[in-house]
Amino acid sequence: ENLDGFLAALQTVIDRHDVLRTSFHWEGLPQPVQVVHRRPALPLEESDESVTRMDLTRAPLLRVRVTRNGGHWRVAVHLHHLAGDHSTLARIREEIGAILVGRPDLLPDPVPYRDMVAQAMLGLSEAEHEEFFTGLLGDVEEPCAPYGVLDVHGDGSDVAEAEIVVDAGAAEQIRALARREGVSAASLFH
């Protein structure tokens, strides 16, 4: 019953947000395109949590794997980085929580993804982006491995995660700066 409620709430969140309903297509096209689907069904797999590649041509770019462990279900939600990041997953969890406690009225209006795409497409030209990054990174001659990690094909078992909670005032300042700059809070840190 809890699993069904969680999955229904997650489907509601997917239905609310364009970016979670997207797929990408490129074969036979002059340039890749992103397609927003009206109501893609949430893929659910009952299996182990081994990492597999996600088909970018199937929306949503989010998968759920469930594993039965005795009398309990273990749920793993996988979100492709093209559709979101850590902040996106946090927002998804918050929205699921609001829906599960019967308070979907607390959810903010979803922002149309087309606004972000338009900002990206109508901003700087490809040549201007190339000039900027060439100026910034043109003299780099060695791999830019985060934290010196060069084995990008490992199974992820050596990955550790850390989290630092900032106070409410700092969090609001970060969000205000992000809004003013027209980017996500995560983009400020990236």
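1. Let's start with a pair you can find in the model, which is a predicted one. Arg65 and Glu45 form a salt bridge, and their closest N and O atoms are 2.9 Å apart. This pair links distant parts of the chain: Arg65 sits in strand β4 (residues 62-69) and Glu45 in strand β3 (residues 44-46), 20 residues apart.

2. Are these two partners buried or exposed? Arg65 has a relative accessibility of 5%, so this residue counts as buried. Glu45, with a relative accessible area of 30%, is partly exposed.

3. Next, have a look at Arg16 and Glu95. They form a salt bridge too, with 2.9 Å between the closest N and O atoms. Arg16 belongs to helix α1 (residues 2-16) and Glu95 to helix α2 (residues 86-100), so the bridge ties together parts that lie 79 residues apart in sequence. Glu95 is buried, at a relative accessible area of 1%.

4. Arg180 is exposed, with a relative accessible area of 63%, while Glu181 is partly exposed at 47%. Which residues do salt bridges with shared partners join into one network? They are Glu172, Arg175 and Arg179.

5. Finally, how many salt bridges are there in the count? The count comes to nine, and the pairs described above include Arg65 with Glu45 and Arg16 with Glu95.

Technical notes. Residues are numbered from 1 along each chain as its sequence is written. This is a predicted model: local features need pLDDT of at least 70, side-chain atom pairs count only at pLDDT 80 or more; totals for chains, interfaces and linings use all residues. Side-chain values use heavy atoms; hydrogens and water are left out. A salt bridge is a side-chain nitrogen of Lys or Arg within 4 Å of a carboxyl oxygen of Asp or Glu. Helices (H or I, at least four residues) and strands (E, at least two) are DSSP runs, numbered from the N terminus. Buried means under 20% relative accessible area, exposed over 50%, partly exposed in between (1.4 Å probe, protein chains only).
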